[in-house]
Protein chains: 2
Amino acid sequence: MRSHYCGQLNESLIDHEVTLCGWVHRRRDHGGVIFLDMRDRDGVAQVVVDPDTAEAFANADRARSEYVLRIVGRIRLRPEGTQNPNMPTGMIEVLAKQVEVLNTAATPPFQLDEHGKVGEEVRLKYRYIDLRRPEMIEKLRLRSRITHSVRAYLEDQGFLDIETPILTRATPEGARDYLVPSRTHDGHFFALPQSPQLFKQLLMVSGFDRYYQIAKCFRDEDLRADRQPEFTQIDIEASFIDEQEIMATTEQMVRQLFRDVLDVTLPEFPRMPYSEAMQRYGSDKPDLRIPLELVDVDDLMQSVDFKVFSGPAKADDGRVAALKVSGGAKLSRKEIDEYTRFVGIYGAKGLAWIKVNERAKGLEGLQSPIVKFMEGIVEQLLDRVGAEDGDIIFFGADKARIVNEAIGALRVKLGEDLELYTLRWAPLWVVDFPMFEADDNGRLSALHHPFTAPSCSPEELQSSPATALSRAYDMVLNGTELGGGSIRIHDQAMQRAVFEVLGIGKDEAEEKFGFLLDALQYGAPPHGGLAFGLDRLVMLMTGSRTIRDVIAFPKTQSAADLMTDAPGEVTQQQLRDLHIRLRQKAQPEPSGE
Amino acid sequence: MRSHYCGQLNESLIDHEVTLCGWVHRRRDHGGVIFLDMRDRDGVAQVVVDPDTAEAFANADRARSEYVLRIVGRIRLRPEGTQNPNMPTGMIEVLAKQVEVLNTAATPPFQLDEHGKVGEEVRLKYRYIDLRRPEMIEKLRLRSRITHSVRAYLEDQGFLDIETPILTRATPEGARDYLVPSRTHDGHFFALPQSPQLFKQLLMVSGFDRYYQIAKCFRDEDLRADRQPEFTQIDIEASFIDEQEIMATTEQMVRQLFRDVLDVTLPEFPRMPYSEAMQRYGSDKPDLRIPLELVDVDDLMQSVDFKVFSGPAKADDGRVAALKVSGGAKLSRKEIDEYTRFVGIYGAKGLAWIKVNERAKGLEGLQSPIVKFMEGIVEQLLDRVGAEDGDIIFFGADKARIVNEAIGALRVKLGEDLELYTLRWAPLWVVDFPMFEADDNGRLSALHHPFTAPSCSPEELQSSPATALSRAYDMVLNGTELGGGSIRIHDQAMQRAVFEVLGIGKDEAEEKFGFLLDALQYGAPPHGGLAFGLDRLVMLMTGSRTIRDVIAFPKTQSAADLMTDAPGEVTQQQLRDLHIRLRQKAQPEPSGE
């Protein structure tokens, strides 16, 4: 029905007859002539309809915004002075011979170029209209190119695309499962997978050697922090490999992806131990685009006569860290108050600071509510952070966890607010994670999951679990965790040691992970893998602000689809078939249930 | 960790040192030497371990079936007389220098080459063992190659891979939905999609122009006929196309797929109207590998003095069809009784037959319980079906629907039993389907779905709906429907006409399909598409007998996963979070609910 997409037209086609199909993006009458901007997925082209072509003109005349037209015409150069070099098709126009109305359109709920004026709710309800915006088409087109590039690379590397079930058993990942009542098994439920973790390990036990899948995953969590109840993972697992090999393979995948899709050559990814990332950036996913670092000053602060600092400096689990911002002395009191509130979100009880107005003047040249306590150490302090005139130094002093979260987040916020980025893309690997994290009562839990292999022997693990490191690795880009994974435990003695440290007894292990533990005893190869969050990767690569912009039909923060009006009500018969009934809202729970 | 896969070894590598990783497929001691057949996903290679290499020998000695080993050794030609030309690696063996036990293995629940001796239940429970069988690895590997080929073709043709939601609203496809209770919307439920039908039409309304997705779909049906509760579709939709273009594009896809993956060049697909398929084969998915055809003999049978034949021959909705089987006169009475029982499954009340022993002898040369009624027409009958000595002719006489189903099925069964196949692959398109089918009360329902476009005007549709044809098409291969689709309605007047014929009122339409109908009024392009059943396609291409063999982790006929033991029980807390409770089994329903 068409010869070209609108966006493909250019000067090389002058005097050619073309047939276009698309939507009326804009319509103008000008000097007795009708101008139609025709839009399709490739772009917009200007069509001119002259009254000479009477039937075409009549059809163009009744066409309104978003009508669907088929146009036959001849390409010509736009008259001098009306050319638009900023538009790919801006040098030419189509002189219409035929204009056919394929479909009419009611006035849309919002004009595409006025989408900013309506709330996101309206745009989600009429998602099919919102998706007409060229930038939305482009985002999803890029997403398609991204998955294609990833697949091409992985197939080329011998990875097999294998589907794992969506209707499965509750997985032990911790988050809340979506459940599906079974009709054929009264009182029983499927769970939607939080990830294909156990299945991909089983595929390694079966000998598939290299597996990948672009897999839907599901978590029934509160949707803070731009999450979706269903999201997509690039899921990868391989056998007879170590962490170096799988990291090299997947780093290469991402580098090729950026070359293919964005024409960007990423640098080789630096590798940073978890401890260093926390020390220097207060984060296990540091944004290395921002040239700010946390500097330890515990040793200096132990002696100061200021308990807010000396207390954490002396405490085992405390930390005092400085963050120097070059040129930050220009921040106003009001801005500093804003940042103080900001770090409060992360539990910091305050935000101390020193403005370095004129270092040469000594204490006189500094402006700060706390500098009076620091007389003896201030020169050492300024030297250590490399302070110069015009800088500001912020301080965090608290439990190390709070300092890292608060000053780590402040670092990123300052980077954004002051536009401190020195790089467009800053990838890295974070490695050498601890095996376990302790809660406030000292109870250990797995930092990743209990199948992550430690980098020490079972004996060492059991004798000093708190300092044991794992063979896990995270790929980080611009402060976002793109993917993470680990070498898994394939050895039963090691698995037993980990369960023991976690206080998981034999029965509990059997009940929770029975079929995987069964499988591991029948000849499991050494194996490991990784999972990438596709939505977040696409979000970064398209420069989008939310993952909702890179998902065709996303859900709201309350996990609803405003377009289809899902979730919806169902009939009593459907509930009866599934052996369930609704819990009465008003009626209090009978005790003992 | 390895230099080669086991299956890659051959004579070109003689004297090379190789490193293999894999499983002990078999172990034999012979003349003081240990022979290990080492298996990985690529094949099996023979490893020889000599007592000279003491450490290697000790490790090989303790290795048992399914142990995981790493072996370093040198390739050499097998000694004369021990070569196995039927095995890809059968000319060579690996003389081991090092044997490392990477993992031990408990005795597996069944030996791989004895999988036939255990029931499917055991194999499904230990699916990770069953998947180790080389033929299972091969099937899933082919599946991966199939999806890769399909994707490559579609990307090349400009189709964009776009994901649609899994948590969505109940769709109007008729089958039972899987439901997912919502935690955040009390008393409301998501449904898992039976297909992305509505979403892909919305993507066309948005202007994506060409969409595809390899999509999981869900139907909570009784799993007769080798179905699965979750299955996979190659889902395709395009705008500004007609049926010729979409059929050409997808036929080309399947032809390229067969070339890529099986090295088979399929013939061009013939196109057959639905009415012809029913007439000649009694089926809308005829198996054209079988050179048998139903022949209409109604005109001849109207006059015979045998009500079983003359009744249906005269009735408007009746049919009398003959099926001649060359050489079939050798069928025994017992075999014919079998076939009579077989057609009974499809509602046929009997199975009349004539054996043609010696045509030259006239009636004398025929053997049949019914030939006595046919004296006047028997020569015409034999001529019409082209009967020769040694043939048998079967007859169906009943309502046309029953004759088509019964004799159509008999045709396929005879083809299988008598090995009548003349082709390995017989693809075709079935076209010109009726728009509607009538139930016994004459009530019309959509043969496909109510968005299928008719091939006539709205006025013609309303004046004679029973004979209206649709713009639907099915791709059939070897008697299996591979895929089906249609040009959709994009015009509101046409959509109203179809709803009117179906007796769907405005309110019902709004409630069932509201958001699609909304979308269609905002400028829907002409569009259409198609969906292929991937599982069935892979089943045919791998020569498997059940789709369970081409799904990594399938469910049983009662929709259970025996390996993970899903569906499973959940806690009261989980149910409470979802605002549901279990229906008490013992307790009778209160009336009025």
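A residue counts as buried when its relative accessible area is under 20%, as exposed when that area is over 50%, and as partly exposed in between. These classes are applied here to a predicted model.

**Annotated positions in chain A**

The unreviewed UniProt entry places the feature "binding site" at A:Glu173, A:Arg219, A:His448 and A:Arg488. Such annotations may be inferred rather than shown by experiment.

A:Arg219 lies in the loop that runs between β9 (210-218) and β10 (230-239) of chain A. Its relative accessible area is 24%, so A:Arg219 is partly exposed.

A:His448 also belongs to a loop of chain A, the one between β19 (444-446) and α13 (458-463). Because its relative accessibility is 31%, A:His448 falls in the partly exposed class. Leaving aside residues up to four places away in sequence, A:His448 is in contact with A:Phe433, A:Ala472 and A:Asp474.

**A buried aspartate**

A:Asp37 sits within strand β2 (residues 33-40) of chain A. With a relative accessible area of 9%, A:Asp37 is under the 20% limit and is therefore buried. Beyond residues up to four places away in sequence, A:Asp37 touches A:Trp23, A:Val24, A:His25, A:Arg26, A:Arg28, A:Val44, A:Ala45 and A:Gln46.

| Residue | Relative accessible area | Class |
|---|---|---|
| A:Arg219 | 24% | partly exposed |
| A:His448 | 31% | partly exposed |
| A:Asp37 | 9% | buried |

**The interface of chain A and chain B**

Chain A contributes 122 residues to the contact, and chain B contributes 122 residues. About 11,100 Å² is buried between the two chains, and carbon and sulfur atoms give 58% of this area.

In one salt bridge, A:Arg2 pairs with B:Asp209, and their closest N and O atoms are 2.7 Å apart.

On the side of chain B that touches chain A, helix α4 (residues 134-156) of chain B supplies the largest share, 10 residues. By class, this side of chain B has 59 nonpolar, 28 polar and 35 charged residues.

Terms used
Residues numbered from 1 in each chain as written. Chains lettered and ligands numbered in written order. Predicted model: local features only at pLDDT ≥ 70, side-chain atom pairs only at ≥ 80, totals over all residues. Heavy atoms only, no water. Helix = DSSP H or I, 4+ residues; strand = E, 2+ residues; numbered from the N terminus. Buried < 20%, exposed > 50% of the residue type's maximum accessible area, 1.4 Å probe, protein only. Contact = heavy atoms within 4.5 Å. Buried area = accessible area lost by both parts, 1.4 Å probe. Salt bridge = Lys/Arg side-chain N within 4 Å of Asp/Glu carboxyl O. Nonpolar A, V, L, I, M, F, W, Y, C, P; charged D, E, K, R; others polar.
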